[in-house]
Amino acid sequence: MNQRVLVASNRGPVSYQFGADGSLTGSRGGGGMIAGVTDGLAALDPGTDVTWICAALSDADRAVARSQEADPSDEGLRAGIPVRMLDIAPATFDRAYNNVANSALWFLLHQLFDTPNQPRFGREFRRDWESYLAYNEAFADALTQEALSGDAGLRVLIQDYHLCLVPRLLRNRLGHRLGEDARDAGIGHFCHTPWAPPDYYRMLPDEVGWALLDGILGADRAGFHAERWATAFMDCCAAVLGAQVSRVGLGGPGPGPVGRVTYRGHVTEVAVNPLGVDAPALRERARAGDVQANVDALRRAAGDRKLIVRVDRTELSKNIVRGLAAYRELLVTRPQWRGRVVHLAFAYPSRSALAEYRAYTDQVRQLAGQITEEFRTADWDPLLLEVRDDYPRSLAACALADVLLVNPIRDGMNLVAQEGPVLSERGCALVLSREAGAAATLAADALLVNPYDVTETAEALHQALAMPDAERQRRGAALAATAAADPPARWLGGQLASLGSLPGAGWPARSGQWPSWPASAVSSATTPSGPATTRSAAAATCGDSALALATAQPGTPSARSARTAAKAGRSPRSSPQNKTERAARSPASPVSALPLSTPGGRSSITRRPGSAARPSRVASSPSGARSRSSAACGSAVPRVCTATACALSSTQVPSGAPAAASTPGSAARASATAAGARVVVSSPSCHRCQP
Ligand code: G6P
């Protein structure tokens, strides 16, 4: 039987722009996650049936998502990935992506909050959280549709913090739809960022922190780039959810399983899969004329001086300002380098919708300007700051680097730290933050620094510059070999292989019995983590919207809409969410074909390649979408379950007590657990419990 692979991520592998004449041009999406998944998929057996579901990020993407055309061909194609873009209502998308994913979750997972002032989880955040929920539902609905439209063995690979709720939502939707059908399926979630330890994670409102963990635990496998992040995740599962965690030491940088989390009767394997680079392809790309032209230009600009290179998005976690401060300190404390070194700093634009990012970009420019002012001489420019995304130029800079500076505050992995040594012509010394996931694999041959310690970083830059050629070459070669050891093909293939071998993965035919996630709605007075949140009976009775209810303050629109909906027996969703769901279920959802592998786009350095592919038409896709009534339940409470609130049942049953979950499709009923304190109410007709 052929394998079927569904990928879900916020940013997709292709993005579109309008030309001056209104025509659409497609170019490859940028970033390490895109590079890893795209190149990993390219290496799969050609018979594998792949669909990649992503959000439409721009008006041009939305036009594509809405249109019925696609261009399945492009120069340099080895294969095509069918891409389905979700046209999520702009307001919903903005709140989910900018306000929750980028402002709350990114800051949380990278521990970036300026805690005396941020975060502030008030009513606005509760509103944003509802959008995050709706946005995750849109993905879960689209995945469900795709999953049900094919017979092949199914693997679902869900990417990143944008989509934490999707595994649980999907598990519920598929479980209820598939019934007793034999189905070979597995859900994986992969987080490309760090994970925060429980003390920091607990900054989130309880119900939000709980829902995110519970969402990921809907997967059969939760993957991370480094054991550190996987361990932090398991620590949160134990501390926040009270889940049962069993750990196995990895004894190295991975790949491999590091533990299992048992929660709501389902076992999730927690595993490490470090993502390296496709070294041959990267080197081949660097031999192209556009890169070589930049090599010549940069060589002329630097003369015979040493080059310190960095390539980053202008991203708070990348720590560019402290990197510049360290370079300045180097020039102050080690004056022998003045006139003998040039710092090439590539700081590409990122997330400019957020004020923090705009302010950070200003800081970078300001400090760079000060350094130039302070040290520049008639024949020496100490610092070249490049803020325009230029992929060939970044590759050229890496090829010429004597020293590569990668000093993030925290980073899930960091591919630049691996790409630099692979590209380097003379072997580069790597000054690497010990807080990057890549430090787990590269530590032995890099110069590790504490990213907050500017003086230590300056000293490491000095050591790197002064390193004897032979040692730099030896270390550089070792770094390149390590980076090449886990190419995307192995990273993605390993995840698929272990998803297929997990005893807990799959649906009834594989596991022999229904996993005990509840189809029922559950009412309880406490959250799994304790009495931190009070849920109304109505809230706890209905999964998805229970979360909305639980997070809404009395009098807020969501609380009001939920109560109104409860009276009317319909979903309490406000119109944007309903629009989102309708959009996601639209039969017109397009599937376009993407270049799976172009000679130009294999690197995380490729943030925004800029090299637009030729204008695309967008293909139609008879998606076979079904629309569902949002008033499926005629009950007195809003019957809108995503498992998120339904989760209360099994976790709260003391060991030895009968499970409180009910079989999908069972008639409404109530039962008391051995603890005598919990009442389980299930409805067979809830449209989200039983999509
Ligand atoms: C970085 C992270 C990825 C994440 C991406 C999102 O590359 O490593 O894990 O998916 O940022 O970036 P975006 O530009 O889409 O917000």
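A polar contact is a pair of N or O atoms within 3.5 Å; within protein, one must be able to donate a hydrogen and the other to accept it, and residues adjacent in sequence count only if both atoms are side-chain atoms. The model is predicted, so local features need pLDDT of at least 70 and side-chain atom pairs count only at pLDDT 80 or more, while totals for chains, interfaces and linings use all residues. Residues are numbered from 1 along each chain as its sequence is written, and side-chain values use heavy atoms, with hydrogens and water left out.

D160 has a side-chain N or O atom 2.5 Å from an oxygen atom of the ligand. For Y97, a side-chain N or O atom is likewise 2.5 Å from a ligand oxygen. The protein buries 90% of the 390 Å² that the ligand exposes when taken alone (Shrake-Rupley accessible areas with a 1.4 Å probe). Eleven residues surround the ligand, with R11, Y97, D160, R313 and R351 the closest (a residue is near if one of its heavy atoms lies within 4 Å). This shell has three nonpolar, two polar and six charged residues; Asp, Glu, Lys and Arg count as charged, Ala, Val, Leu, Ile, Met, Phe, Trp, Tyr, Cys and Pro as nonpolar, and the others, Gly among them, as polar.

Turn next to the strands (DSSP runs of E, at least two residues, numbered from the N terminus; two strands pair if DSSP finds at least two bridges between them). Strand β11, residues 256–263, runs antiparallel to β10, residues 244–247, through four bridges. Seven bridges join β11 to the antiparallel β12, residues 266–272. In β11, V261 stands opposite V245 and also opposite T268 of β12.
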